[in-house]
Amino acid sequence: MKLTLSLILALSLALCATALAADAATDAAALYNAKCASCHGKDGSKTILSKPVKGLSAEDFTKKMMGYKAKTYGGTKKATMEKSAAALSDADIKGLAAFVAKL
Ligand code: HEC
């Protein structure tokens, strides 16, 4: 009996964790579509305003976004991105990094 209860508890916890992870991914996609896609394109390949974000690894993406946030990275149009990055939390950037790496 005790074992069954522990099993049920472990299973529910595992299910919760999966649901939370799925939520984070959905949030990152929604965030990207709302705040980034207009300039970078839905699939991250637009280059009219900037270099494409498609193709960046999660690590590169995070480095660049943290650089914009800290105002230590960027090209001639970095003011736009410094504003975008300043509005994001570190957790937002982490979620976006995972999302962008899969574009
Ligand atoms: C108003 C248009 C605009 C929006 C909105 C925007 N960006 Fe940008 N992004 C740019 C421009 C312009 C650059 C190039 C800036 C520079 O000169 O450094 C850029 C550069 C970048 C780069 C660096 C590319 C590289 O390889 O150097 C990343 C990463 C990036 N943006 C991610 C994002 C994310 C994530 C969002 C949404 C939170 C976002 N951008 C929203 C216009 C935009």
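Student: Is Ala86 buried or exposed?

Tutor: Burial is judged by counting the other C-beta atoms, placed from the backbone, within 10 Å of a residue's own: 20 or more is buried, 12 or fewer is exposed, and in between is partly exposed. Ala86 has 11 other C-beta atoms within 10 Å and is therefore exposed. Ala86 lies in helix H4. Its C-alpha atom is separated by 9.1 Å from that of Met66, 20 residues apart along the chain.

Student: What should I know about the model and its numbering?

Tutor: This is a predicted model, in which local features need pLDDT of at least 70 and side-chain atom pairs count only at pLDDT 80 or more, while totals for chains, interfaces and linings use all residues. Residues are numbered from 1 along each chain as its sequence is written.

Student: Which elements does the protein contain, and how many?

Tutor: Elements are DSSP runs numbered from the N terminus: helices are H or I with at least four residues, and strands are E with at least two. The protein has five helices and zero strands, so the order from the N terminus is α-α-α-α-α. Of its 103 residues, 17% are buried.

Student: How are two packed helices described?

Tutor: They are described by the angle between their axes and the distance between the axes. The axes are lines fitted to C-alpha atoms, for helices over the stretch in contact, and the angles run from 0 to 180 degrees between N-to-C directions. Angles under 35 degrees count as roughly parallel, over 145 as roughly antiparallel, 65 to 115 as roughly perpendicular, and the rest as oblique. Here the axes of H3 and H4 come within 8 Å and cross at roughly 95°, which means that H3 is roughly perpendicular to H4.

Student: Which residues of H3 and H4 meet?

Tutor: Two residues are in contact if their C-beta atoms, placed from the backbone, lie within 7 Å. From H3, Met65, Tyr68 and Lys69 meet Lys78, Met81, Glu82, Ala85 and Ala86 of H4. For classes, Ala, Val, Leu, Ile, Met, Phe, Trp, Tyr, Cys and Pro count as nonpolar, Asp, Glu, Lys and Arg as charged, and the others, Gly among them, as polar. This contact of H3 with H4 has five nonpolar, no polar and three charged residues.

Student: At what angle do H3 and H5 cross?

Tutor: The axes of H3 and helix H5 (residues 90-101) cross at roughly 140° and come within 8 Å, so the two helices are oblique to each other. On the H3 side the contact includes Phe61 and Met65, and on the H5 side Ile93 and Ala97. By class, the contact of H3 with H5 comprises nine nonpolar, one polar and no charged residues.

Student: How many residues surround the ligand?

Tutor: A residue is near a molecule if its C-beta atom, placed from the backbone, lies within 6 Å of it. The ligand is surrounded by 22 residues, the closest being Cys36, Cys39, Ser50, Gly74 and Gly75. H4 gives the most to this shell, with four residues.
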